[in-house]
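Please look over the sequence and the fold before reading on. The paragraphs below are meant to be read with both in view.

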Amino acid sequence: MKLIDLLKVMDKDTFIFLSVSVCGMRFETKHSAEFYIEHGDELNNKKILKVYVEDGYLHVALEG
């Protein structure tokens with residue numbers, strides 16, 4: 001499943017922590033689902049590796 005597929009079925013006001021690992025470094029950001037749909041051009045086509053909830057927030061790990 002790609003990130004855009006998940007975002008399309010979510011409430012647009014839900015905040016999501018999104019992480020990507022590149023060269024052994026993990027980068028993470030928090031924005032609303034609507035923000036990722038509108039501005040996540042390159043990220044939206046990445047495959048989802050893991051989805052989990054921590055401290056009441058949705059976390060999505062993407063392939064690097």
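The text that follows goes through the sheet, its hairpins, and some side chains and surface features.

This is a predicted model, in which local features need pLDDT of at least 70 and side-chain atom pairs count only at pLDDT 80 or more, while totals for chains, interfaces and linings use all residues. Residues are numbered from 1 along each chain as its sequence is written, and side-chain values use heavy atoms, with hydrogens and water left out.

The sheet comes first. It is an open sheet of 4 strands in the order β2-β1-β4-β3, with mixed pairing. The edges are taken by β2 (25-32) and β3 (48-54), each of which has a single partner strand, so one side of each has no neighbour in the sheet. On average, neighbouring strands are turned by 20° against each other, direction ignored; the axes behind this angle are lines fitted to C-alpha atoms, for helices over the stretch in contact, and angles run from 0 to 180 degrees between N-to-C directions. Strands (E, at least two residues) and helices (H or I, at least four) are DSSP runs numbered from the N terminus, and two strands pair if DSSP finds at least two bridges between them.

Strands β1 and β2 are antiparallel and share 8 bridges. Within this pair, Leu 18 has Thr 29 of β2 as its bridge partner, and Val 22 stands opposite Met 25 in β2. Strands β1 and β4 run parallel, with 5 bridges between them; here Phe 17 is placed opposite His 59 of β4.

How enclosed is strand β4 (residues 57-62)? Of its 6 residues, 5 are buried, so β4 is largely enclosed by the rest of the structure. Buried means under 20% relative accessible area, exposed means over 50%, and partly exposed lies in between (1.4 Å probe, protein chains only).

Next come the two hairpins. The hairpin of β1 and β2 has 2 residues between the strands, and Cys 23 takes a positive phi near 55° there. Most residues other than glycine have a negative phi. Cys 23 has its positive phi although it is not a glycine. Cys 23 sits in the loop between β1 and β2 and is exposed, with a relative accessible area of 75%. The hairpin of β3 and β4 also has 2 residues between its strands, and Asp 55 in that turn has a positive phi of about 55°. Asp 55 is likewise not a glycine. The loop between β3 and β4 holds Asp 55, which is exposed at a relative accessible area of 71%.

Val 22, Met 25 and Phe 27 make a nonpolar surface patch of about 280 Å². Patches are made of residues with over 30% relative accessible area and no salt bridge, where like charges are joined within 9 Å and nonpolar side chains (Val, Leu, Ile, Met, Phe, Trp, Tyr) within 5 Å. Val 22 belongs to strand β1 (residues 15-22) and is partly exposed, with a relative accessible area of 37%.

Which residue forms a salt bridge with Glu 28? The partner is Arg 26, and the closest N and O atoms are 2.8 Å apart. The structure holds 1 salt bridge, the term meaning a side-chain nitrogen of Lys or Arg within 4 Å of a carboxyl oxygen of Asp or Glu. Glu 28 is partly exposed at a relative accessible area of 41%, whereas Arg 26 counts as exposed at 54%.

Ser 32 is also found in strand β2, but this residue counts as buried, at 16% relative accessibility. Leaving aside residues up to four places away in sequence, Ser 32 touches Lys 12, Thr 14 and Phe 15, where contact means heavy atoms within 4.5 Å.

Last, Asp 13 lies in the loop between α1 (3-8) and β1. At 56% relative accessibility, Asp 13 counts as exposed. Asp 13 and Tyr 57 are 44 residues apart in sequence, and their C-alpha atoms are 12 Å apart in space.

How values were computed
Areas by Shrake-Rupley, 256 points an atom, 1.4 Å probe, with all protein chains shown as cover.
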